[in-house]
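Subject: Structure for you to look at

Dear colleague,

I am passing on the structure below, together with some notes on what was found in it. Please keep it open beside this message while you read.

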Amino acid sequence: MTGRPRDRALAIVAGSVVAVAVVVAGFWLGGAFEPSQRTDGSFVLDEPGIFQQPFDDVNDDTSGEQLPDVVLIDADGVERSLDEVSDRPAIVNLWFSRCIPCRRELVDFAEVHAEYGDRIAFVGIDPFDTPEAMVEFATERGVEYELWRDPDQEFVDAIGIVGFPVTLFVDADGTVVRQTGEIDAAGLRSAIAELFPDVG
């Protein structure tokens, strides 16, 4: 390389900055942050895909509103509707497999569903994963409740959700009585006791 030493040093620094920026942008845009185990929320770089950190303050708050009448799809490709669970209170969890807090909380949802599933309808709505990925991911965490897809993001768009996870506590007439971001088993039990005291 020719030129003055100072120019060469600046060129090396600039090139390094550009290289780092390209790598970071590639991982960010490609969503290559693949979470590892739920226990500590750590993650490793693995494969391209969608990754979303929670941003509760960017979501619309749907509390007090009716659930939108949107067609959802179960793992077998059958059209489903949240009207199907309108005979009792419901807990609707919006999640997807590359969302680290979703990974943490699904085990808690499975645990609380085992306690209240005969009195409260639990539904997981996944707007991004394939049916196979959705079922495998949830099953590994003990989930046995309804899993439905929102492949065109019609449901999440209708309620103004861009940050995940989101949980909607819904009374029997389809009104959202509370909306939360990430929530653990203790939080779920507390909300159930407060919002749905008759099911306790």
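A pocket, as the word is used here, is an open set of grid points where a 1.4 Å probe fits, with protein on both sides within 12 Å along at least five of seven lines. Please bear in mind throughout that this is a predicted model. In the largest pocket there is about 170 Å³ of space. Its lining is made up of 17 residues, and those that lie nearest the centre are Leu67, Leu82, Asp83, Ser86 and Gly174. By kind, the lining of the largest pocket consists of eight nonpolar, four polar and five charged residues.

As for the overall layout, the protein has five helices and nine strands, which follow one another from the N terminus in the order α-β-β-β-β-β-α-β-α-β-α-β-β-α. The protein has 200 residues, and 44% of them count as buried. Among the contacts with a separation of 6 or more, 69% are between residues 24 or more positions apart.

Helix α5, which spans residues 185-195, has Ala185, Leu188, Ala191 and Ile192 as its buried residues. These sit on the same side of α5, because the arc they cover around the axis is only 130°. An α-helix has 3.6 residues a turn, so residues three or four places apart point the same way. On the other side of α5, Ala186, Ala193 and Glu194 are exposed. The cover over the buried residues of α5 includes the strands β5 (90-94), β8 (166-170) and β9 (176-180), as well as the helix α2 (100-116).

Two places in the backbone deserve a careful look. Most residues other than glycine have a negative phi, and most peptide bonds are trans. The peptide bond from Phe164 to Pro165, however, is cis, with omega near 0°, and Pro165 is found in the loop between α4 (154-158) and β8. Gln153, although it is not a glycine, has a positive phi of about 55°; Gln153 belongs to the loop between β7 (146-149) and α4, and it counts as partly exposed because its relative accessibility is 23%.

Beyond its neighbours within four places in sequence, Arg141 is in contact with Arg103, Leu106, Val107 and Ala110. Arg141 and Phe109, which are 32 residues apart in sequence, have their C-alpha atoms 9.2 Å apart in space.

Thr62 lies in the loop between β2 (43-45) and β3 (72-74), and with a relative accessibility of 3% it counts as buried. Its side chain is joined to that of Gln179 by a polar contact of 2.7 Å. If residues up to four places away in sequence are not counted, Thr62 touches Ile159, Leu168, Val176 and Gln179.

With best wishes

Technical notes
Residues numbered from 1 in each chain as written. Predicted model: local features only at pLDDT ≥ 70, side-chain atom pairs only at ≥ 80, totals over all residues. Heavy atoms only, no water. Buried < 20%, exposed > 50% of the residue type's maximum accessible area, 1.4 Å probe, protein only. Helix = DSSP H or I, 4+ residues; strand = E, 2+ residues; numbered from the N terminus. Arc of directions from axis to C-beta. Contact = heavy atoms within 4.5 Å. 1 Å grid on protein atoms, 1.4 Å probe; cavity = no way out; pocket = protein on both sides within 12 Å on 5 of 7 lines; lining within 4 Å. Points joined across faces, edges and corners; volume = space filled by probe spheres on them. Nonpolar A, V, L, I, M, F, W, Y, C, P; charged D, E, K, R; others polar. Polar contact = N/O pair within 3.5 Å; in protein donor to acceptor, adjacent residues only side chain to side chain.
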